[in-house]
Amino acid sequence: MGIRGRLRRPWVDDIRMTFLARVARFLFWLLVVSWSVALLRRLLVWMLRDASAQSGAAPRAEAQTGSAGRLHRDPVCGTHIAEEIAVPLREAEATLYFCSTECRSQYARGQRFAANA
Ligand SMILES: [Zn+2]
């Protein structure tokens, strides 16, 4: 009975408009909620990673996974250094990573001596 009554009303377009507006608003909020959930999840992962990095067990775990924050061994002083903060040196076969420019120049000097000898 409600449908017949509604269809005769002159403001039926208004109802349709408000329905569409409601659907649009619903979709908008769905988008917002899904965005914030994704953002919160990313924030949570970031916070958890940050918290685990501060604990003592972190370096070993990082070395085991190897994918994120890869560690390289400085061939001069033997220090394990993350790829992001290491000083790279491109060799013919591979890239070497050093903890500092000092170690890199020391290595380069050693290579030159080896080449001269
Ligand atoms: Zn070093």
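Over which residues does pLDDT stay under 50? I looked this up before anything else, since I am working with a predicted model. The stretch is residues 61-66, and for these residues the model has 4 contacts beyond four places in sequence. A reminder to myself: where pLDDT is low, the predicted coordinates should not be read in detail.

**Entry: confidence overall.** I then checked the chain as a whole. Its mean pLDDT is 82, and 78% of its residues reach 70 or more.

**Entry: layout.** I counted 4 helices and 4 strands in the chain. Reading from the N terminus on, I noted the order α-α-α-β-β-β-β-α.

**Entry: helix α2.** I went to α2 next, which covers residues 12-54 and has 43 residues. From its first C-alpha to its last I get 62 Å, close to the 63 Å expected at 1.5 Å a residue. Is α2 buried or largely in the open? The number of buried residues among its 43 is 0, so α2 lies largely in the open.

**Entry: burial and contacts.** For the chain, I find that 6% of the 117 residues count as buried. I also looked at contacts with a separation of 6 or more: residues 24 or more positions apart account for 17% of them.

**Entry: β3 and β4.** My next stop was the strand pair. Strand β3 (residues 87-90) pairs with β4 in the antiparallel sense, over 4 bridges. A hairpin of 4 residues joins the two strands, β3 to β4. I wrote down two positions along the pair: Val87 has Phe98 in β4 as its bridge partner, and Arg90 stands opposite Thr95 in β4.

**Entry: the core.** Which residues make up the largest nonpolar core? I list 6 residues: Ala86, Leu96, Tyr97, Phe98, Cys99 and Cys103. Strand β4 (residues 95-98) gives the most to this core, with 3 residues. For background, I keep in mind that in soluble globular proteins, nonpolar side chains tend to be buried together.

**Entry: Tyr97.** Leaving out residues up to four places away in sequence, Tyr97 touches His72, Asp74, Ile81, Glu83, Ala86, Val87 and Pro88.

Conventions: Residues are numbered from 1 along each chain as its sequence is written. This is a predicted model: local features need pLDDT of at least 70, side-chain atom pairs count only at pLDDT 80 or more; totals for chains, interfaces and linings use all residues. A nonpolar core is a set of buried Ala, Val, Leu, Ile, Met, Phe, Trp, Tyr and Cys residues joined through C-beta atoms within 7 Å. A residue is buried if 20 or more other C-beta atoms lie within 10 Å of its own, exposed if 12 or fewer, and partly exposed in between; C-beta atoms are placed from the backbone. Two residues are in contact if their C-beta atoms, placed from the backbone, lie within 7 Å. Two strands pair if DSSP finds at least two bridges between them. The expected span of a helix is 1.5 Å times one less than its number of residues. pLDDT is the predictor's confidence in each residue, from 0 to 100.
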